[in-house]
Amino acid sequence: MTDEPRPQGMPPAGPGQPWPVQPNAQQYPGYVPYPLPAPANGVWLGVLSLVLGVLGCVVPLLPIDLTGIRAYLALPFGLAGLAFGLVGVVGRRTGKPVSGVGIGVSAIALVLGVIMLGNQVAG
């Protein structure tokens, strides 16, 4: 190994290293590194919205004895699905398309519930 001129203030090369060891990178005064972004939340709110919307569409139409409550069953499922879907669309979340579909299906469940309630009141 030949002796190469080294810049002023650089430590000598380590054993087996032809180049000098780099000193630790100095931070600039006032430099603040960006914080790591928070992890995005999952798709669970969207999935829950979709499941509640489907339940709101299917449960009132099941061929079982639901005398007196059949017209009201779609409303709680639809409202809860709509609420979870709206929360799933807002903010940094993954699965926004699933939440959007859940909002749509929950809105259909609400319309179905209002139609069934109107039919019960009218007839």
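This is a short talk on how the three helices of one chain are arranged, and on a few residues in and around them.

Hi everyone, thanks for having me. One thing before we start: what you see above is a predicted model, so please keep that in mind as we go.

Let's begin with the overall layout. The secondary structure here amounts to three helices and zero strands. Reading from the N terminus, the order of elements is α-α-α. The chain has 123 residues, and 23% of them are buried.

Now, for the packing, let's go pair by pair. Helix α1 covers residues 44-58, while α2 spans residues 74-89 and α3 spans residues 96-122.

How do α1 and α2 run relative to each other? Their axes come within 8 Å and cross at roughly 160°. An angle over 145 degrees counts as roughly antiparallel, so that is the label for α1 and α2. The crossing of this pair is left-handed.

Next, α2 and α3. The axes of these two helices come within 8 Å, with a crossing angle of roughly 155°. By the same cut-off of 145 degrees, α2 and α3 are therefore roughly antiparallel too. Here as well, α2 passes α3 in a left-handed crossing.

That leaves α1 and α3. Their axes come within 7 Å and cross at roughly 25°. Angles under 35 degrees count as roughly parallel, which means α1 is roughly parallel to α3. Helix α1 passes α3 in a left-handed crossing.

Let's zoom in on some residues, starting with α1. Leu52 lies in this helix. Is Leu52 buried or exposed? Its relative accessibility is 14%, and because buried means under 20%, Leu52 counts as buried.

My last stop is the loop between α2 and α3, where you will find Thr94. With a relative accessible area of 40%, Thr94 falls between the limits of 20% and 50%, so it is partly exposed. What is the C-alpha to C-alpha distance from Thr94 to Ala40? The two are 54 residues apart in sequence, and in space they are 6.3 Å apart.

So, to wrap up: we have three helices and zero strands, with α1 roughly parallel to α3, and α2 roughly antiparallel to α1 and to α3.

Conventions:
Residues are numbered from 1 along each chain as its sequence is written. This is a predicted model: local features need pLDDT of at least 70, side-chain atom pairs count only at pLDDT 80 or more; totals for chains, interfaces and linings use all residues. Side-chain values use heavy atoms; hydrogens and water are left out. Helices (H or I, at least four residues) and strands (E, at least two) are DSSP runs, numbered from the N terminus. Axes are lines fitted to C-alpha atoms, for helices over the stretch in contact, and angles run from 0 to 180 degrees between N-to-C directions. Angles under 35 degrees count as roughly parallel, over 145 as roughly antiparallel, 65 to 115 as roughly perpendicular and the rest as oblique. A crossing is left-handed if the near helix is turned anticlockwise from the far one by less than a right angle, and right-handed if clockwise. Buried means under 20% relative accessible area, exposed over 50%, partly exposed in between (1.4 Å probe, protein chains only).
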